[in-house]
Amino acid sequence: MFPVRDRLKAFVKNRWLVFVASMWVESGAGIGYLFGSISPAIKSAMGYNQRQIAILGVAKDLGGSIGLIAGSLCDVLPIWGILFIGAVQNFVGYGLVWLIVSGRLNLPLWVMCIAIFVGTNGETYFNTGALVSCVQNFPKSRGPVVGILKGFVGLSGAILTQIYTMIDASSQSTLIFMIAIGPSMVVIALMFIIRPVDGHKQVRPSDGSSFVYIYSVCLLLAAYLMGVLLLEDVIGLSQSLVTIFTIGLFVILLLPIMIPVWLTLSSSRGGPSEESLLTGDDKSETGNVNEVILSEVEDETPEGVGLLPDAERQKRMAQLQAKLFQAAAEGAVRMRRKKGPRRGEDFTLLQALKKADFWLIFVSLILASGSGLTVIDNLGQMCQSMGYSNTQVFVSMMSIWNFLGRVGGGYFSEVVIRSV
């Protein structure tokens with residue numbers, strides 16, 4: 001039996017704990033998707049016309065899209081510093097919006113635009129900290145990890161709307177206040193947990209089952225929110241039932257914590273270090289692994305190895321790498337130095353700018369994201385023009401389908417990559 005202190009230390013350094021904490025952070029990071037809910041409140045309180053609301057929507061989109069600063073700071077600051085900057089920006093930006101909308105301050109439109117830009121730009125720091133940490137901790141499962149995390153960004157609109165419904169506030173400006181306070185508090189509480197923890201050394205045969213569990217929780221969460229949403233809109237629920245359903249939402253959000261708890265309690269005496277892709281002797285022979293193209297081993301693997309289960313495939317890869325280093329030590333094989341990162345490895349910005357993949361993704365996002373952002377920015381006014389006073393229902397519904405699309409995209413992308 002491990003001492004309690006050792007188990008607690010292993011729990012804090014567990015890569016699945018980082019992943020679960022990142023999911024919780026991303027659950028409040030999609031503030032921009034709530035613009036359809038807060039724009040009617042801003043329009044009525046400030047007396048803005050549709051053109052002025054559209055200008056605010058552009059400021060929101062720019063804030064959520066400019067992530068270069070967050071990415072650059074990630075190279076010089078710790079992850080907790082990145083998350084803290086995002087929390088401060090979110091609090092200051094949307095806190096100022098709340099002060100203006102609630103009538104406590106009387107400031108012009110351009111100040112409102114700056115406030116929304118600053119507040120929404122805080123999302124980029126949340127996304128950067130969570131994604132960088134989890135991609136480094138799960139180098140062989142980047143598709144599912146990115147899909148799930150970005151899915152929770154999309155679902156955050158439905159989650160925050162449900163919490164707002166439970167509060168039963170009489171003023172719509174309360175939603176803006178909740179946006180300024182809630183995500184910042186969650187991020188500050190979790191910012192020291194989210195960080196790289198040498199996740200490549202924590203590969204376990206049970207990782208596949210853990211991802212299946214996470215996907216099951218995602219589907220349950222989406223179905224639960226959709227059911228509660230329909231009940232609230234079609235039947236109408238008392239405030240007590242709304243509170244009970246919101247507590248049930250929190251319980252579902254807490255379910256993924258069972259993975260790091262179970263892994264910590266069931267860990268072997270040797271600890272995670274025994275689960276690295278290379279043994280300790282192999283590592284000592286590698287020297288500076290950055291000078292060796294280990295990824296080329298995957299290109300030279302025998303046919304059919306890629307179809308093996310993950311555990312068996314990793315075992316075969318470790319054996320091939322060990323043989324390669326032994327041959328290099330005996331002079332039978334000359335190791336080539338890297339000429340640059342390969343696809344799937346880490347790139348600097350300048351290295352990425354030289355790759356066609358980067359520009360393909362960049363152009364695709366520019367061409368494909370505009371239609372969705374246009375609908376999100378004008379969803380509140382579209383609902384009101386159709387005679388619906390409760391715009392939160394449609395914002396939540398779009399948020400749920402956004403979540404399912406992103407999670408599904410991450411899953412199927414990994415399936416395609418592994419089958420090629």
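**Cysteines, bridges and faces**

Modeller: Cys74 counts as buried because its relative accessibility is 14%; buried means under 20% relative accessible area, exposed over 50% and partly exposed in between, using a 1.4 Å probe and protein chains only. This is a predicted model, where local features need pLDDT of at least 70, side-chain atom pairs count only at pLDDT 80 or more, and totals for chains, interfaces and linings use all residues. Residues are numbered from 1 along each chain as its sequence is written, and side-chain values use heavy atoms, with hydrogens and water left out.

Biologist: And Cys218, buried or exposed?

Modeller: Cys218 is buried, with a relative accessible area of 1%.

Biologist: How many disulfides turn up?

Modeller: A search of the whole structure gives 0 disulfides, taking a disulfide as a pair of cysteine sulfur atoms within 2.5 Å.

Biologist: OK, salt bridges then. How many?

Modeller: The count is 2 salt bridges, where a side-chain nitrogen of Lys or Arg has to be within 4 Å of a carboxyl oxygen of Asp or Glu. One pairs Asp207 with Arg15, with the closest N and O atoms 2.5 Å apart. Asp207 lies in helix H10 and Arg15 in helix H2, so this pair ties together parts 192 residues apart in sequence. Helices here are DSSP runs (H or I, at least four residues), numbered from the N terminus.

Biologist: Are Asp207 and Arg15 buried or exposed?

Modeller: Asp207 counts as buried at 9% relative accessibility, and Arg15 counts as buried at 4%.

Biologist: What about the Lys60 salt bridge?

Modeller: Lys60 pairs with Asp61, the closest N and O atoms being 2.8 Å apart. Lys60 and Asp61 are buried too.

Biologist: Switching topic: which residues of H12 are buried?

Modeller: In H12 (residues 258-265), Ile259, Pro260, Leu263 and Thr264 are buried. They cover an arc of only 125° around the axis, which puts them on the same side of H12; the arc is that of the directions from the helix axis to the C-beta atoms.

Biologist: Why would they line up like that?

Modeller: An α-helix has 3.6 residues a turn, so residues three or four places apart point the same way.

Biologist: What covers that side, and what's on the other face?

Modeller: The cover includes helix H1 (4-12), helix H2 (15-26) and helix H10 (207-235), with contact meaning heavy atoms within 4.5 Å. The face turned away carries the exposed residues Trp262 and Leu265.

How values were computed. Helices (H or I, at least four residues) and strands (E, at least two) are DSSP runs, numbered from the N terminus.
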